[in-house]
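This report describes how the parts of a two-chain model are arranged.

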Amino acid sequence: MKLYEFEGNDLLRREGIPVPDYALAATPGEAREGAEKLGLPVVLKAQVLTGGRWLAGGVHTARSMEEVEEAARRILGLSIRGWPVHKVMVTPKVDSVREFYMAVTIDEYSGTPVAILSAAGGVSVNQIARERPEEVVSRYISVIKGLLPSEARRMCRGVGLEGAEVSRVANRLSALYRVFRNYDALIAEINPLVRTTKGDYLALDAKVEIDDDSLYRHPELNLSLDSRIPNTLERKGREIGVTYVELDGDIAIIASGAGLGMASMDIISRRMRPANFLETGGAITAELMYKVMDLVLQKEGIRAVFINVYGGINPIHEGAKGVVKYMKEHQVTVPVVAKALGNHQEETWEIFRNNGIHVVDDVSTEKGVELLARLLESNK
Amino acid sequence: MSILLNRETKVLVQGITGRIGRVQTKWMLDYGTNIVAGVTPGKGGEEVEGVPVYDTVAEAVAKQGAEASVFFIPPKAFKEAARQTIDAGVGLIVVVTEHIPVHDVMEIRDYASERQVQIIGPTTPGVITVGEAKMGIMPANMFTPGRIGLISRSGTLSYEISINLATAGLGQSTVVGMGADSVVFTSVPELLRLFEKDPGTDLVVIVGEVGGVQEENAAQFIERWMTKPVVTYIAGHNVPEGKRMGHAGAIIQGEHGTGTPQSKMAALREVGVDVAMYPAEVVELVKGHLNHS
């Protein structure tokens with residue numbers, strides 16, 4: 001789960017990394033109140049779970065109260081990469097003399113934590129790594145040993161830091177590693193960390209993503225899902241315990257596994273357009289499949305439903321009862337095609353067949369999709 | 001022959017008294033798996049399907065000689081159970097459990113690697129040596145004995161590919177679900193190495209999906225070390241960027257553009273791997289190789 005910048009800032013502060021004070025505003029009036037408390041000039045920053053805020057006009061420096069209100073009004077009306085701006089952060093403008101980039105994340109190749117430090121902050125670290133690789137240092141970290149202070153200092157010297165700056169920046173990096181570990185982060189990034197004209201080292205922007213599977217042990221974060229999944233159907237999917245991704249077609253997909261769901265998308269996309277990706281995971285019950293049918297049919301203009309399930313961990317015969325119950329209670333007029341294999345397959349076919357669902361008489365998803373296409377053709 | 005598991009392997013089931021543990025224990029026994037013990041803390045002395053249940057792994061190992069263990073335990077219990085199992089000297093662990101925090105996986109991986117334990121998963125359907133034994137949840141009727149090794153990130157797709165191969169008369173030696181999380185214990189190259197050495201395997205099928213760099217890593221290994229032919233299918237050609245497609249590891253990371261099926265397919269093609277565009281095409285590509293040799 002991605003955190004808003006202000007939530008990330010709070011985590012940094014908890015682990016001892018100073019961040020500027022801030023006020024959150026949902027209206028221009030609140031932004032003005034915040035600016036009055038903090039003192040001008042201030043920076044207003046859109047709080048959205050995506051990058052590209054600068055380019056979209058979501059960040060503005062204001063030097064008068066009129067400017068604060070006007071900028072807040074404008075930013076609160078923006079939608080940045082599909083994310084409507086509901087909150088703007090107001091924070092004092094900080095004058096810096098030097099910027100750094102630092103991050104702790106999980107390296108894709110090795111599957112171990114990696115700390116990354118650059119003496120050129122503020123811009124994309126990927127760009128720096130490409131153009132000036134000597135200014136970026138990264139180091140794998142053993143989760144058992146952690147990031148040793150001596151390693152953090154060596155990284156600082158590695159990007160050319162000297163004197164007192166070494167220990168000050170190393171100290172921030174060690175604290176960032178604690179954020180990563182203590183809150184089960186997938187990434188904890190500060191871009192930029194600045195040295196101010198007064199000689200303080202402040203984090204001006206935080207990007208933190210927490211592992212969804214660890215949220216049960218972080219009640220202290222008090223995170224709500226509501227604003228984080230802007231798509232209504234995707235949020236409903238999450239609420240009933242399945243993964244739903246809305247696509248732009250009209251063939252609904254229900255699969256009992258992620259790989260099978262993606263393969264179904266691949267095959268359907270050859271000649272039709274999937275309306276969604278949906279995978280149930282290993283928790284199928286009659287009730288879940290009832291809800292899942294309801295979910296995929298909420299999208300406008302669905303022309304058919306393609307069910308692709310395996311009985312491995314899932315009791316698919318139970319699931320079939322849920323599908324059938326839904327169809328009996330609602331007027332489902334579009335064709336429903338089901339491919340069901342594995343444990344209890346015969347029982348599952350029986351339930352489907354007796355209730356007007358087209359059972360795929362083959363082991364391949366391709367044949368199932370062919371059947372679906374034929375049914376749509378003859379329905380015309 | 002086979003990799004990881006055979007009909008003699010003495011298997012322990014952890015979480016055997018749970019709803020899923022009970023059902024799957026029966027199916028594993030029906031398949032011929034040599035299950036010698038189960039463990040559920042606090043349930044020692046009970047029996048499930050005639051299998052004795054112990055409170056601790058150490059006890060199950062001491063009394064029944066368990067040498068491999070399959071986990072049907074809740075994610076919260078994983079770290080402690082894994083430590084206990086590694087400490088008891090079990091050499092192979094299959095983690096069916098989904099939704100284990102990735103930091104716990106990284107901790108246990110470091111712990112296990114110092115002690116030479118092979119762990120498969122997490123979020124794996126398990127391992128099946130076809131016609132002999134299975135540790136996990138795969139439906140047995142999808143598999144037929146034969147000489148094709150299969151490695152899959154997705155459980156359901158390992159069934160789909162296996163039943164399609166079987167229907168065409170092409171059986172499997174061992175099928176391994178390597179797990180669908182962003183960090184897994186055993187990588188594709190490690191499994192390829194085992195199949196390369198296995199005299200019972202003539203060809204390996206890799207079923208991948210979007211996200212991560214497992215397939216790219218596999219390509220490097222194949223180029224250097226594999227003499228047996230490899231066929232692959234990568235699921236998720238049209239996946240939108242930045243969306244997690246059910247599996248924790250199945251995501252195309254925006255800015256960097258890593259994890260795309262296109263980059264995976266290109267890397268694999270470059271080292272001579274036959275890449276299927278759709279699952280059923282795997283069967284044709286496998287046939288092509290076997291007719292050739």
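In this model the C-alpha centres of domain 1 of chain B and domain 2 of chain B lie 27 Å apart. The model is predicted: local features need pLDDT of at least 70, side-chain atom pairs count only at pLDDT 80 or more, and totals for chains, interfaces and linings use all residues. Residues are numbered from 1 along each chain as its sequence is written, while chains are lettered from A and ligands numbered from 1 in the order in which they are written.

Domain 1 of chain B covers 11–120 and domain 2 covers 138–292, with bounds from an automatic or database domain assignment. Between them, 10 residues of domain 1 of chain B are in contact with nine residues of domain 2 of chain B; contact requires C-beta atoms, placed from the backbone, within 7 Å. On the domain 1 side, α1 (19–31), α4 (102–113) and β7 (118–120) of chain B each supply at least two residues. Helices (H or I, at least four residues) and strands (E, at least two) are DSSP runs, numbered from the N terminus. The largest share of that side comes from α4(B), with five residues.

The contact between the chains takes 45 residues from chain A and 54 residues from chain B. On the chain A side, α8(A) gives the most, with nine residues.

| Contact | Nonpolar | Polar | Charged |
|---|---|---|---|
| Side of domain 1 of chain B that touches domain 2 of chain B | eight residues | one residue | one residue |
| α6(B) with α7(B) | seven residues | two residues | two residues |

Helices α6 (residues 188–197) and α7 (residues 214–225) of chain B pack at an angle of about 35 degrees, their axes 8 Å apart. Axes are lines fitted to C-alpha atoms, for helices over the stretch in contact, and angles run from 0 to 180 degrees between N-to-C directions. Among the residues that meet are B:Leu192 in α6(B) and B:Phe221 in α7(B).

Chain B also holds an open, mixed sheet of seven strands in the order β3-β4-β2-β1-β5-β6-β7. Pairing requires at least two DSSP bridges between strands. Strands β1 (residues 11–14) and β5 (residues 68–71) of chain B pair in the parallel sense over four bridges, and B:Gln14 has B:Phe71 as its bridge partner in β5(B).

Notes:
Two residues are in contact if their C-beta atoms, placed from the backbone, lie within 7 Å. Ala, Val, Leu, Ile, Met, Phe, Trp, Tyr, Cys and Pro count as nonpolar, Asp, Glu, Lys and Arg as charged, and the others, Gly among them, as polar.
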